[in-house]
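Please look over the chain shown below before reading on. The report that follows moves from the chain as a whole to a few selected places in it.

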Amino acid sequence: MNSKILLITALLFAPSFTKVNTGEDVVKLMYKKYGGKWARTLMFDQTTDIYRDTVKTTQIWHESMFFPDKLRIDMEPVANGSTSIYRGDSTYSFRNGTLRSSSPNGNDLIFLLGGLYFYPLDKTIEKIKAQGYDLSKSYEDTYNGKPVYIIGAANKDEKTNQLWVNKDDLYLVRMIKYDKNAQGAVTKQDAVFGGYIKLGGGGAETKVTFYINDKLRQVESYYNCKEVPNIDQKIFDPHHFEKLTFKN
């Protein structure tokens, strides 16, 4: 075999590397891997541990998801009709089966944990920027002993909104966000996503831990996770509220 053939063979079988310079490059890698493949529907049960100083309470929730922008949470006892519905940029809260409040605020995590794969790529990039992440910045580090891409910061010292993405699976493993109120006080939100399982052509986290200003506030543990292709979208309609039946 001559040298020219050897060179061609080496090029064909050499591993391919994509150079990552910006957060937008990372988003494009994620989208290339999971766009059109991520499970569109998801249902699961969860144990929710809520921490307030030294007090811990535990609740059981049932969640139904329809990407890119719909989520329903039913809290035990389900017969009480305590439910939250997130739909687009709005939130609806029910108590005793009656709508008690609504607000023009959505849930960013629906988008970040799967919804982003159901928009055209340019729209996805636009929405991530609108949530406050600087896609011109990124750097690489390790987290829990595994390599990660960090979107939204150029180094460890920056206190900016950040998305941490596992390099191996391109799953979101951490979100850091800073919010400033009208008085100028800044609140740091830190969410950690783990226990990923394969689902459909993508994955699903099974544990989420939330910190506020570095204090533990909530731990969510998911089980009975399943894709439900024929999910009835009426359950996400606040104008046709009905109590659901869940079997553990």
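## Terms and basis

Two strands are said to pair if DSSP finds at least two bridges between them, and the elements themselves are DSSP runs numbered from the N terminus, with helices being H or I runs of at least four residues and strands being E runs of at least two. The model is predicted, and local features need pLDDT of at least 70, side-chain atom pairs count only at pLDDT 80 or more, while totals for chains, interfaces and linings use all residues. Residues are numbered from 1 along each chain as its sequence is written, and side-chain values use heavy atoms, with hydrogens and water left out.

## The chain as a whole

The chain has four helices and 15 strands, and its C-alpha trace spans about 80 × 45 × 30 Å along the principal axes. Of the 248 residues in the chain, 44% are buried, where buried means under 20% relative accessible area, exposed means over 50% and partly exposed lies in between, with a 1.4 Å probe and protein chains only. Among the contacts in the chain (heavy atoms within 4.5 Å) with a separation of 6 or more, 45% are accounted for by residues 24 or more positions apart.

The accessible surface of the chain comes to about 13700 Å², and 50% of this belongs to carbon and sulfur atoms; the areas come from the Shrake-Rupley method with a 1.4 Å probe, and for residues only the protein chains shown count as cover. There are 34 positive and 29 negative side chains, with the centres of the two sets 1 Å apart. In that count Lys and Arg are positive and Asp and Glu negative, whereas His and the chain ends are not counted, and the place of a charge is taken as NZ of Lys, CZ of Arg, CG of Asp or CD of Glu.

## Helix 4

Helix 4, residues 121-130, has T124, I125 and I128 among its buried residues. These residues cover an arc of only 95° around the axis, which puts them on the same side of helix 4; the arc is that of the directions from the helix axis to the C-beta atoms. On the other side of helix 4, D122 and A130 are exposed.

The cover over the buried residues of helix 4 includes helix 2 (23-34), helix 3 (108-112) and strand 9 (162-166). Just after helix 4, G132 takes a positive phi of about 105°.

Strand 5 (residues 90-95) and strand 6 (residues 98-103) pair in the antiparallel sense over five bridges, and F94 stands opposite L99 in strand 6. The hairpin of these strands has two residues between them, and N96 takes a positive phi near 55° there.

S82 lies in the loop between strand 3 (70-75) and strand 4 (83-87), and counts as buried because its relative accessibility is 17%. Leaving aside neighbours within four places in sequence, S82 is in contact with I73, D74, M75, F94 and R95.

T209 lies in strand 14 (residues 207-212) and counts as buried at 12% relative accessibility. Not counting residues up to four places away in sequence, T209 touches D190, A191, V192, L216, Q218 and V219.

T57 has its place in strand 2 (residues 55-66) and, at 38% relative accessibility, counts as partly exposed. With residues up to four places away in sequence not counted, T57 touches T48, D49 and I50. The C-alpha atoms of T57 and Q218 are separated by 9.7 Å, although the two residues are 161 residues apart along the chain.
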